[in-house]
Amino acid sequence: MSDYQETLYEGYGQRFRMDKLLHEVRTEHQHLVIFENPRMGRVMALDGVIQTTEADEFIYHEMLTHVPILAHGAARRVLIIGGGDGGMLREVRKHKGVESITMVEIDGTVVEMCKEFLPNHSRGAYDDPRLNLVIDDGMRFVASTEEKFDVIISDSTDPIGPGEVLFSENFYQACRRCLNEGGILVTQNGTPFMQLGEVQTTAGRMNGLFADWHFYQAAVPTYIGGSMTFAWGATHPESRKVSLETLRQRFAGSGIVTRYYNPEIHLGAFALPQYVLQAIGKPSND
């Protein structure tokens, strides 16, 4: 029995007891480790950074999926960038109105290892006939594809290594080009208390590119440093202003059972604290 020490931050971090090492490999793109922890269940880390755990992954995946899809209200085509553990795909496929799911993951080894060692994340989602799985660089895909999507979900690692390009100005511009009218882009954007510079950079790149841009939050215990932010870019300003009653109707109509997401959480998540608003140059949450 040993410990796994995360290396994301200098002088601050978290340590996981590693009861059993399930798999360790250096893929073509990154160093992957999957192990068992007595509290968080199975845990995956890439390049020294914890990516997901069985215990709390539902918070992250539900909020990156159901917020944009239910805000849109009629999403038919969804693009997932990253998401090799399969959790995002699992949540997207719950929406019966979605007709096509394209998932672009740079590292095929992550997909195969997570199917084997983290099967509770995907729960058979890779067998969904609506799925088109593309093993390729997400930046290259959005820059070159002629396809259009209603919702794009960027489930990337932190902006280091292969995930760095997924926070670039070119990436956001390419995603905007790939959105249908009324489309929505959401991306993971780290914990603002620890990574405020990343939030500011994303805000600067989204400002002027989308009719409405903002961030929303959720507290995911695995991602230390406070609540996590998700970037939001919409081609229609009203997408973020959908009423509680409408969200309740859409959620009930979907028949989806969640563990974290609900319509009240959906709306409340867009209320950012003052230090984040000040950092992104917004006077209010409007």
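In this tour, contact means heavy atoms within 4.5 Å. The model is predicted, so to speak of local features pLDDT must be at least 70, and side-chain atom pairs count only at pLDDT 80 or more, while totals for chains, interfaces and linings use all residues. Residues are numbered from 1 along each chain as its sequence is written, and side-chain values use heavy atoms, with hydrogens and water left out.

**Stop 1: Asp155**

Select Asp155 to begin. An unreviewed UniProt entry places the feature "active site" here; UniProt positions follow the numbering used here, feature names are shortened, and annotations may be inferred rather than shown by experiment. You will find Asp155 in strand E10, residues 149–155 (helices, H or I of at least four residues, and strands, E of at least two, are DSSP runs numbered from the N terminus). Asp155 is buried, at 9% relative accessibility (buried is under 20% relative accessible area, exposed over 50%, partly exposed in between, with a 1.4 Å probe and protein chains only).

Now show its surroundings. Leaving aside neighbours within four places in sequence, Asp155 is in contact with Tyr60, His61, Ile81, Gly82, Gly83 and Met88. Pick out Tyr60: its side chain and that of Asp155 are joined by a polar contact of 2.5 Å (a pair of N or O atoms within 3.5 Å; within protein, one must be able to donate a hydrogen and the other to accept it, and residues adjacent in sequence count only if both atoms are side-chain atoms).

**Stop 2: salt bridges**

The whole structure holds 14 salt bridges (a side-chain nitrogen of Lys or Arg within 4 Å of a carboxyl oxygen of Asp or Glu).

Next, select Asp212 and Arg240, a salt bridge with closest N and O atoms 2.8 Å apart. Asp212 is in strand E12 (212–218) and Arg240 in the loop between strand E13 (228–234) and helix H8 (244–254), so the pair links parts 28 residues apart in sequence. Asp212 is buried at 8% relative accessible area, and Arg240 is buried at 6%.

**Stop 3: the cores**

Finish with Tyr216 and Trp232, the residues with the most contacts inside the largest nonpolar core, which has 40 residues (a core is a set of buried Ala, Val, Leu, Ile, Met, Phe, Trp, Tyr and Cys residues joined through side-chain atoms within 4.5 Å). H1 gives the most to this core, with 9 residues. A second, separate core of 28 residues includes Val134, Val199, Phe210 and Ile280.
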